[in-house]
Amino acid sequence: MAGHSKFKNIMHRKGAQDKKRSAMFSKLSREITVAAKMGTPDPDMNPRLRAAVIAAKAQSMPKDNIQRAIDKASGGDVENYEEIRYEGFGPGGVSLIVEALTDNRNRTATNVRTIFSKNGGNLGASGSVSHGFDRMGLIEYAAKAGDAEKVFEAALEAGAEDVQSDEDGHEVWTAQDTLHEVAKALEAVLGEPEGAKLAWRPQTMVSVAEGDAGSLLKLIDSLDDDDDVQTVSGNYEVSDEVMEKLG
């Protein structure tokens with residue numbers, strides 16, 4: 001497994017599926033509400049909201065839940081969420097970027113710092129690791145969307161910058177400012193993606209040995225379990241052999 005965590009990857013690694021699913025829906029709802037509040041409540045006219053709705057659909061979030069999250073943005077009782085980015089280092093010298101949506105900056109900072117320190121990591125200053133990543137658009141498709149050649153040709157035609165395909169699916173990388181136009185062009189050919197969002201792409205990867213992998217995955221799981229944390233990105237690679245040994 002590699003670098004930018006997907007909700008489903010975390011879910012597959014841990015038990016208590018119902019609890020994880022509820023927490024995931026809560027985070028997806030928060031992003032939908034924030035996106036709708038920042039722009040128009042129409043996903044077709046609001047790229048960030050459209051990306052949030054696509055992500056929710058990919059996780060089988062009920063339509064009623066999605067609509068409630070959109071409607072909540074127009075209510076007067078909506079919390080004022082702040083977007084915060086934390087940067088730090090995990091076991092094995094891995095760089096991690098944590099993105100959060102919070103209504104209490106102090107609570108979230110304390111929680112994230114504690115999680116890092118308890119799991120063999122160190123929270124760094126702003127900019128301490130992000131210089132080793134590129135901020136890009138990421139469009140994700142399941143393997144059933146087509147074979148590698150079909151997806152590559154569609155991505156090339158749509159104006160994407162890179163494509164990575166394996167047995168788990170396809171990752172189409174774009175420039176930040178072309179994410180949504182590329183996503184629309186691909187949707188016409190490949191159907192709706194599993195995700196279309198801005199993401200952190202590592203410039204170089206760090207191969208994590210078995211001795212550090214368990215601690216690293218525990219750190220990432222613990223961060224993902226925090227209610228305020230939306231995404232965890234990193235430059236780590238854990239081989240299939242190591243993952244099998246870890247169970």
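User: How do the axes of H5 and H8 sit relative to each other?

Analyst: Axes here are lines fitted to C-alpha atoms, for helices over the stretch in contact, with angles from 0 to 180 degrees between N-to-C directions. The axes of H5 and H8 come within 9 Å and cross at roughly 165°. Angles over 145 degrees count as roughly antiparallel, so H5 and H8 are roughly antiparallel to each other. This is a predicted model, where local features need pLDDT of at least 70, side-chain atom pairs count only at pLDDT 80 or more, and totals for chains, interfaces and linings use all residues. Residues are numbered from 1 along each chain as its sequence is written, and side-chain values use heavy atoms, leaving out hydrogens and water.

User: Which residues in H5 and H8 meet?

Analyst: Contact means heavy atoms within 4.5 Å. On the H5 side you'll find Val-112, Ile-115 and Phe-116, and they meet Leu-219, Ser-222 and Leu-223 in H8.

User: Which residues touch the most other members of the largest nonpolar core?

Analyst: A nonpolar core is a set of buried (under 20% relative accessible area, 1.4 Å probe, protein chains only) Ala, Val, Leu, Ile, Met, Phe, Trp, Tyr and Cys residues joined through side-chain atoms within 4.5 Å. In this one, of 21 residues, the answer is Leu-96, Phe-116, Leu-223 and Tyr-236. Elements giving two or more residues to this core are strands S2, S3 and S10 plus helices H5 and H8; helices (H or I, at least four residues) and strands (E, at least two) are DSSP runs, numbered from the N terminus. H8 gives the most to this core, 5 residues.

Notes. Buried < 20%, exposed > 50% of the residue type's maximum accessible area, 1.4 Å probe, protein only. Parallel < 35°, antiparallel > 145°, perpendicular 65-115°, else oblique.
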